[in-house]
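I opened the model to look up a few things and kept notes as I went. The entries follow in the order in which I made them.

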Amino acid sequence: MSILQPFTKSGKPTSNKAMQPGTSTTASKDGVQDRPLLEAEHVRKEFPLKRAGFFGPRRGVKAVEDVSLSLRPGRSLAVVGESGSGKTTVARLLAQLYPTSAGKIRFRGNPIKGKGGKAAREYRRHVQLIFQDPFSSLNPMHTIRYHLSRPLRLYGHAHSAAEEEQQVKALLERVNLVPAEQFIEKYPHQLSGGQRQRVAIARALAARPEVLLADEPVSMLDVSIRLDVLNLLLRLKEEDRLALLYITHDIASARYFADETLVMYAGQMVEGGPSEEVIQEPKHPYTQLLLLSAPDPEKTEEGQRSASPLLAARGEPPSLINPPKGCRFHPRCPFAMPVCREQVPGRTELGNGHWTHCFLYQQTGKLSSPVIPQDTPESKDE
Amino acid sequence: MTNDPVLEVKHLSVDYASASGAVHAVDDVSFTLQRGQVFGLAGESGSGKSTLAYAVARLLRPPAIVTQGEVWMYPRSGGKGQDKDENVAPVDVLQLSPEKLRAFRWRRLSIVFQSAMNALNPVLSVGAQIADVLRTHEPGMSRSARQERAEELLRLVGIAPDRLSSYPHELSGGMRQRAVIAIALALNPDIIIMDEPTTALDVVVQREILAEIKTLRERLGFSVIFITHDLSLLLEIADRVAIMYAGRLVETATQTQLYHQPHHPYTYGLLHSFPMLHGPRREMTGIPGTPPDLRALPSGCAFHPRCKFAFGACQSTLPTLLAPCPDSPEHKVACHLHDASQQPPKLPGGLSSALDQQPEIIDSQPQKELANEHSSTLY
């Protein structure tokens, strides 16, 4: 098998898996598809703060509270939330940039050890992270060739200068930076934001990962080229059957991009399920607020929004040093009940893989009448 | 809408002098801002939208030079506001003397900058920063009157007046942005330029700020130049929208016209660049290529290398803003496809259907319904 095969556009999805010594199972056939590649189980993360005085209480930022998710080959999962919701922390926990405070992260079913060193390097061969800001994630002192050849060498994919050259070019072509010769000797400052992000994606691909964690990959890019980069990621996901985590604050792009969506608020998961379900039929009041707030040219009249009692939920996410007890959304939630202040709501299955953490749905799994008017086209007709 | 302009920009051009020759950041831009209107300026980074706004506010410094054009401002004639009727003659903004300019800024035109974090001074309380404006621009005002006005302003933007003594770091992002808006409102200006006022904010907070801007505008009657790269946001808040590309206006129209009948292929591409929350999920394409380098603009229409309808004239001749439909003279587009004199190629079924060959993402139902609205809100 030619070393270049995994990079050819028409290459079989499985081709690069077969090359990796660690991949004993050819995890490509449908039966194996549903086995999660990377899982987080009840993961918590608390960043310790300085004590207030020597005898002061131990304090910490409770950035992520009890998050469980799983990434499957060839599937994409979007994590949606505002700033401070913990979504980036989740990505970094999965990438092992931080150790978890509690909970487990499993890769192919095996719990990973939180320590760095050899194990971490081996882990990064399989799990790669793309950062939000392509202006700072590339080293300004080095050429594109350097950025792409380093992972090739580190992970032992290229054994000679000629191989390296060939593979760097193949990588550039894969992310549509053509002609590759034109880009290979350039420095990051000579590229536009979109091109830089493509280089960052190519660099992640150079390790031939199975899991790609994309942390707001397009939010720093111009509107007109965002879709290009998203489509590129989608294509790569299909070609390599990558398990993709897509972190975003833009819930509309989650609908377009991800098979499944998970909504986070102040470090807690509030709702999740198939993207279309979550976005068309949001259940948790916070998801509904988020959707109501998203810019939508179809709703030019403010009147269409003001009908919703959710607008009373104005305000901002709470401090994570001293988060509210119970459901962290309860201080803003117009439907908060006494129980919301006391207990963290458990997971309620709503069918079709759609679930939410909200006491409103805990009893029956379904509300008899929707509390919140839905923004369906029908409701506009009045 | 009645024709009551508050600001007129005529053939404005701004260059940045650079070692490799002048960069035309803004090139021959004309537009009119009506009183009480929200004028939206959309474009990608580097399209010149901020430069244009700063030129209007006379905030540009070398190496930026205004090479041609005029900016006329028509102050509110009498009516409400403190001693607003002293000067009702139009103001030639670009010719103002430094002294007059000082008086003009803030009273007539103020700016809300993109990042509230940087716009506020971190070592002064919010109250001190409002008082600072009042002290400079209204020297006769007493201390207690300043205090009162500052409290009034905070209340106006929905912050409790007891936050006057707060420092910026004690406020959340949304509150900071509100405080910046309060400061911009301090002298009750005719025009407020808002440069990406909500970009750094989360969607929920952004929604609140937008609602706030809308109510304030209704109450105080100022006009807004709203600059953003987020077209979907602009379509919600703006009355008129202008699309900038590579320093030039390529299309200007009312918000509804632009949304439902975009003429310029770039506008069309932008409208299809953001995924929608409703309607069928379609494959989306975006706009191929990258925004041009202003130092080396393509000849003719700057968009032609990215335009799939480009023909001969696009590479050689610079298109000008024209109104292709006689029944909507306010909808202007700079594109040869709409200019019969350039003999554009016959597209099967006309341009609009050719554009629509890209995946159509608008539901038929809301479109029909909004079409009614469209006819009723037009002049």
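I began with the buried residues of helix 4 of chain B, which are B:Val126, B:Gly127, B:Gln129, B:Ile130, B:Ala131, B:Val133 and B:Leu134. For burial I used C-beta atoms placed from the backbone: a residue is buried if 20 or more other C-beta atoms lie within 10 Å of its own, exposed if 12 or fewer, and partly exposed in between. Helices (H or I, at least four residues) and strands (E, at least two) are DSSP runs, numbered from the N terminus.

I note that this is a predicted model, in which local features need pLDDT of at least 70, side-chain atom pairs count only at pLDDT 80 or more, and totals for chains, interfaces and linings use all residues. Residues are numbered from 1 along each chain as its sequence is written, while chains are lettered from A and ligands numbered from 1 in the order in which they are written.

**Helix 4 of chain B, continued**

I asked what covers the buried residues of helix 4 of chain B. The cover includes helix 5 (143-156) and helix 6 (173-184) of chain B. I also checked the length of helix 4 (residues 126-137) of chain B: its 12 residues should span 16 Å at 1.5 Å a residue, and its end C-alpha atoms are 17 Å apart, which agrees. The expected span is 1.5 Å times one less than the number of residues.

**Chain B as a whole**

I found 13 helices and 11 strands in chain B. Chain B has 379 residues, of which 45% count as buried. I then took the contacts in chain B between residues at least 6 apart in sequence; 64% of these join residues at least 24 apart. Two residues are in contact if their C-beta atoms, placed from the backbone, lie within 7 Å.

**Helix 6 against helix 7, chain B**

Two packed helices are described by the angle between their axes and the distance between the axes. Helix 6 of chain B packs on helix 7 of chain B at about 20 degrees, and their axes are 10 Å apart. Axes are lines fitted to C-alpha atoms, for helices over the stretch in contact, and angles run from 0 to 180 degrees between N-to-C directions.

The contact joins B:Gly173, B:Gly174, B:Gln177 and B:Arg178 of helix 6 of chain B to B:Val205, B:Glu208, B:Ile209 and B:Glu212 of helix 7 of chain B. By class I have 2 nonpolar, 3 polar and 3 charged residues there. Ala, Val, Leu, Ile, Met, Phe, Trp, Tyr, Cys and Pro count as nonpolar, Asp, Glu, Lys and Arg as charged, and the others, Gly among them, as polar.

**Helix 5 against helix 8, chain A**

The axes of helix 5 (residues 144-154) and helix 8 (residues 193-206) of chain A come within 8 Å and cross at roughly 20 degrees. That makes helix 5 of chain A roughly parallel to helix 8 of chain A. I listed A:Ile144, A:His147, A:Leu148, A:Pro151 and A:Leu152 in helix 5 of chain A as meeting A:Val199, A:Ala202, A:Arg203 and A:Ala206 in helix 8 of chain A. This contact has 7 nonpolar, 1 polar and 1 charged residues.

**Between the chains**

How many residues does each chain give to the contact? I have 41 from chain B and 33 from chain A. On the side of chain B that touches chain A, helix 7 (203-220), helix 8 (231-237), helix 9 (255-260), helix 10 (265-271) and helix 13 (364-377) of chain B each give two or more residues. Helix 7 of chain B supplies the largest share, 8 residues. That side of chain B divides into 17 nonpolar, 14 polar and 10 charged residues.

**A:Leu129**

A:Leu129 lies in strand 6 (residues 127-130) of chain A. I counted A:Leu129 as buried because it has 22 C-beta neighbours inside 10 Å. Leaving aside neighbours within four places in sequence, A:Leu129 is in contact with A:Ala91, A:Ala95, A:Leu213 and A:Asp215.

Most residues other than glycine have a negative phi, and most peptide bonds are trans. I noted these exceptions:

- A:Arg108, not a glycine, has a positive phi of about 50 degrees; A:Arg108 lies in the loop between strand 4 (102-107) and strand 5 (110-111) of chain A, and is partly exposed, with 17 other C-beta atoms within 10 Å.
- A:Asn352 has a positive phi near 60 degrees; A:Asn352 is exposed, with 11 other C-beta atoms within 10 Å.
- The peptide bond from B:Pro62 to B:Pro63 is cis, with omega near 10 degrees; B:Pro63 is in the loop between helix 1 (49-56) and strand 4 (64-73) of chain B.

Note on methods
Angles under 35 degrees count as roughly parallel, over 145 as roughly antiparallel, 65 to 115 as roughly perpendicular and the rest as oblique.
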